[in-house]
Amino acid sequence: MAIREIALPGNRATDVSFVDRLHRLVVTVDHKKLGLMYIGTALVFLVVAGLMAVAIRLQLAIPVNTFLGPDVFNRFFTMHGTSMVFLVGMPIIAGLGNYLVPLMIGTRDMAFPRLNAFGYWMFLFGGLLLYFSYLGAPGLAGHGSAPDVGWFAYAPLTGRAFSRGNSTDYWILSLLLTSVGSTVSAINVIVTTITLRCPGMKLMRMPLLVWLMLVTNFMILLALPGLSGAQIMLLIDRYLGGHFFDTQAGGSAVIWQHFFWIFGHPEVYILMIPAFGSLSEIVPVFSRKPIFGYPIMVGATVMIGLISVSVWAHHMFSVGMTSVGNTFFAISTFLVAIPTGIKIFNWLGTMYGGRIRFELPMLFCIAFLFQFLIAGLTGVMLAVVPFNWQLTDSYFVVAHFHYTLVGAFLFGMFAAFYYWYPKAVGRLLDRRLGLWHFWLFVIGFHVTFDTMHFSGLLGMPRRIFTYDGGRGWETLNFVTTVGAVFQAVAVLLFAINVVRSAKRGKLAGNDPWDAWTLEWTTTSPPPVYNFEDVPIVRSRRPLWDLKHPEDPDWKYEESEN
Amino acid sequence: MINEASLPLALEAPEWKLPSSRKVAVVCLVLTETCLFSIFVAAYLFYVGKSLTGPSPREVLELPVLSTICLLSSSITIVFAEGAFKKERKRLFQLLWLLTLVLAAVFLTMTAIEWHRLIYEKGLTISTNLFGTTFYSLVGLHASHVIVGLCLLLLVLIFSLTGSLAQMHRERIQMISWYWHFVDAVWVIVFTVVYVIGR
Amino acid sequence: MKPLWLVYIKFADGVTNIFSPLSQPAQEIKESSILVLAVCGVIFIVVAGLLLYAIVRFRHRAGDEVSEPPQVYGSNQIELAWTILPLLIVLVLIMVTSRTIADIQNRKPPPTAVHATVIGHQWWWEIRYPEFGIVTANELHVPASDGHGSRPTFLKLQSADVAHSFWVPQLAGKTDLIPNRENLMWIEPTKPGVYRGNCAEYCGTQHARMLIRVVVHPQDEFERWVKQQQESASADTNAPKGRTVFFANSCVNCHTIRGTSAQGKFGPDLTHLMSRETLAAGAAPNTPDSLRQWIRDPQKSKVGCLMPNMQLTDDQVDQVVAYLQTLK
C-alpha cells in the first residue's frame, strides 16, 4: 500500500554516505531521532558507569584489597553515581518522553523542535565535560582529576580548602550544562502535552505515560533549581571568595544538604515516574485489560509529585535536627509511600482477571513489581527515624536505592525498550537473547543487592575503599561482587541484541503487541511526519474501540461522568 | 493487526481549542526561575544576622527608592507599549518601548552606582562576610535577569525601527513583556527581603 | 607492659551487628526496628503473595478462547480500602517513630554522666574530657552502667574540618560531626568490652580508615583509667636521643605531649600513645614495627593523610620510636 512504501525503515545503506548520515543526526530536529540519540548516548554512559561499578565491586570483594587505591576508588564512586543519575537516568527519560509523547498524543513533532535539539546537545556536552575532568582537572598544580566528592558533594569537602584543583569545578559546570538541557526538555514536553494534543484527546484521555511525563517534567522545573542554585553558590564560594558554605566564616554546611536534597529527593521521583508510566502502558496490554483505576493513577502520581517536595530531609536524619524536625520529615515520608503503594495495587488490579502473556516487556514489569515492592518497604524502614540512625550512610541505604534505581527504574526501562524498540526500529528484539538478558540480570541483581542489605545491617558504612577482616563483611562482599559480574554479562547481551536486531530482527509491523494507543497506528518506524491525517479520538484506547466496536471504551468513559 | 488506513474513526472533530504554546512555555520558564530565586532568597533569609564580622545591612544599605520606581514604572510603560502595538500606532509603540528600555537602563545604572559605593566606600564585597555574599548573589542574580530582559527589549526595538515588526509578532512581544513583569515582580520580593526584612 | 584493662576486657566480636546492641539507645532502636520489620514483612508476604497468585491464576493458557477477558476499569470501593489500610499502618508507624525519637533525643544527662567532646578531623578523632582535663585520640573510654548504677556518657560532637559521622552500631545510631555546629548524643553501654565503629560520612581520601574504638570499662576500672590519663607524660629517661629528635623537629608543632613543650593542636595528642590499641585511627596496630613504618613514611601507611614525611634517617626513626614507646 502507498503508505507502507513511503515509510520503509531507515535509509538504504547504499544510498547515503556515513558522513551524510552523521550530518543528518547532527542537524536533526526530529523528535524521534533526538529521542533515540538521547537513549543511545545514555546507554553508552550506562556501560561506562557500569564498568566503574564492576571495578568498585572487585576492589571490595576481599578485605584490604589493593586493586584500586583510595583516590581512584573515590573518583569511581563519585563518577558512577553522578553519571548514572545525570547521564543515564535523566537522558533516558528525556529520550522516552521526546520520542513517545508526540506519537501518543497524535501530533507531528514537539512544540519546539530546535529547542529539543539544543537540549540534547547540552546534555552531551555536559557529559563529555564531566569525563574531560580526568584530563583537564589537574591544572597547573597537578592536583585534582575527576571529581571525588561523592555524587552529592557535601560541603565543606567541596570548598577550595579541601577540594584542590578543578575536579569539583568540573562536577559543577558539567551538571549546570546538563541541567539546562533537562530544563528545556521539560518545558518542551510540558508545552507539547498541553498545547498539541489531537482533537478529542482531553487530559483525562491521554495515555498514562503522557500524564506521568507531564508530572515528571513539572517536577524537573521545580526541583532542578535547587541543585543549580546550590552549585552557583558553590562556584561563588570557590572563585569569588563567597561564604555560603564556608563554616569558618559562619556559613553552614547543612544548608548545602538542604538545598541539594530539595533537588535530590524529587529527582529520584523524576526518574521513577516515567518508569511507572511505562508500566502503566505495558502491564495492561499484556494482561489484556485496561489499567485499573485510571483517574486514581493520575491522582496518585500528582500526589506523589506534590508530597515529594516535602520529604527531602529524610536524607539528613543524622545531621542533628530537632526531634520535631525529624518527626515532620518522617511523617511526610510515610505519607508519600501511600500513593506509591496505591499504584502497585492498581497494577495488581490490572493483572487480576486478565490473560497475562509473558512476553519480554511483561517479564521485566513483573520483576519490577516484586522489586519495587521491596524497595518501597525498605524505604518505609528508612523513614523510621531511629532505625534510620543505624541504616543511613550504610550499605543498607546503598542496597535500597539500587533496588529502586536498578530493580525498579532500570527494569522498567528495559521493559519499555523491549516494548517500543519494534516501533522505533521496525524489528523485534530477539526473544531468546532477551530471555538470557532477563534471567541473568534478575539473578545477578538479587545476588548483589539482596546480600548488600546485610552488609549494612552488620555495620558496613558506604563509600569506603576498603575494610578490615573480622567485621563479618567478607563473605557478603564477595557474593555481592559475583552478582555484579552476572549483571554486566546480562547488559552486554542486551547491547548485542539491540545492535543485531536492528538488521536481523523479525519484522514488527505496525502493532506487534496488539496494543491500543495511537503510536501503534503508524508504521514501524513511523514516517518523519508521524501521522498522515491528524487523528481524532473519543476514548483512552482508540485502537481498542476500533478492534472491538461491540464493546468500546468510550461507552464506559462517557458513563463515568 | 489493524487496518492502517482506518484512522481517524470517522468522527467529527469536536470543539478543540488548546492554549498557545508560547504562553505555556513562558509560564514554565517563570515557574522554574521562581524556584531558582527562591533558593537564593532562602539562603539570604537563613543568613540574616549571622555574619561574624563586617558591615551589617543597617550600616550600609540605603533604600533604592528611585531605581525601584524606575523599574516598576517600566512594567506600566510596557503595558501601554503593547496597547499601542495592538492599535498599530507604530511611533507611539516605539516611544513607549524605548521608555521601558531607558527605565531599565536607569535601574541597572543606579544598581551599579550603589555597588560601587558599597565596595569602595563601605568596604562590602562578596567575600567580606555572609551579608556580602548573599547580598551580591541575590541582587546580582536579579540584575543578570534584568540584563537579559534589556537585551530582549533592545532586540525588539531594533526590529521595530528597521521595519521588521508586524502584527504577527504580537504574541512574541507579549511574551517578552510577561518575562519583564516577572523580573519586576522578583524585584519586589528582593527589595522586601533585602531592604526591609533584612535590615 | 600492656595496660591492665586490656587484660581484663574481652574484645567484643569484631562483628558490629545492629541487632546485637549492648547499650542504649541501640537497644531501643532495635526494638522499634523489629516492629517495623515485622509490619513490612507482613505487607510483603501479602502483596507478593497476591502478585504471585495473579501471575499463576491469570496467565494466558494455550487453550484459551480468543476473546479478551472482561474489561474492568476500576472500583472506587477497592481503591478506598487500599488507601485506608495503608493510612492506618502509617499512623501506627508514626506513633512508634515519634515516641522513639523523643525517648532518645530528649534525654537529659543525669549528675553521674560522663561528658566528652569528640572532634572530627581528617582522618582521626580528637577526644576531650573537659571535666577530667584529659585529651586523647581515636579511642573513646567510657564506663559501663553496671551494678554500680547508671552512668551514661554524653558526647558533644564537633568538627575541625569537614563533615564526619560517629557510628558505633552496637552502642547507638549515627550522629554527624559538622563544622560550625555542635551535635549531641549519648550512649549507655552495659557490658565491658571494645566496640568498633567507623566514620560514616564521606570525608575524603581516607574516610575508610577513620575507625573508632569505644572501650567500655567496669566503673571502678574507668576511674583508674581516668587517673592514669590525667598524669602528664612519663618522665622516663630511657630514650634521650629520641626525645631530642622529637623536640628538634617540627613534631611539636602538631602534637601535644602534656608536661613538655610540645603543645601542637593539629595532630593527635601523644601523651599516652602507648595506651592505645591502634595507630592512625585504626589504620595500623600499635606495635613498634608499624610505628616505625608510620614515622618513616606516613603516606605509605595511610596515603593522603595530613602528616608529612619528616625525612628522618633510619636511626632517627628508631630513636623516636623508642621515645614514643615511653609514653605509656
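## Two helices and a chain contact

In this predicted model, helix H5 (residues 113–136) of chain A and helix H6 (residues 167–195) of chain A have axes that come within 8 Å and cross at roughly 165°. Axes here are lines fitted to C-alpha atoms, for helices over the stretch in contact, with angles running from 0 to 180 degrees between N-to-C directions. Helices (H or I, at least four residues) and strands (E, at least two) are DSSP runs, numbered from the N terminus.

H5(A) and H6(A) are therefore roughly antiparallel to each other (the word covers angles over 145 degrees). Their crossing is left-handed, meaning that the near helix is turned anticlockwise from the far one by less than a right angle.

Now for the chains. Two pairs of chains are in contact, and chains A and C share the most contacts; two residues count as in contact if their C-beta atoms, placed from the backbone, lie within 7 Å. Chain B and chain C have no contact, and their closest C-alpha atoms lie 12 Å apart. The contact of A with C takes 75 residues from chain C and 76 residues from chain A. On the chain C side, H3(C) gives the largest share, 16 residues.

Here is the make-up of two contacts.

Residues are numbered from 1 along each chain as its sequence is written, and chains are lettered from A and ligands numbered from 1 in the order in which they are written. Local features need pLDDT of at least 70, side-chain atom pairs count only at pLDDT 80 or more, and totals for chains, interfaces and linings use all residues.

Terms used. Angles under 35 degrees count as roughly parallel, over 145 as roughly antiparallel, 65 to 115 as roughly perpendicular and the rest as oblique.
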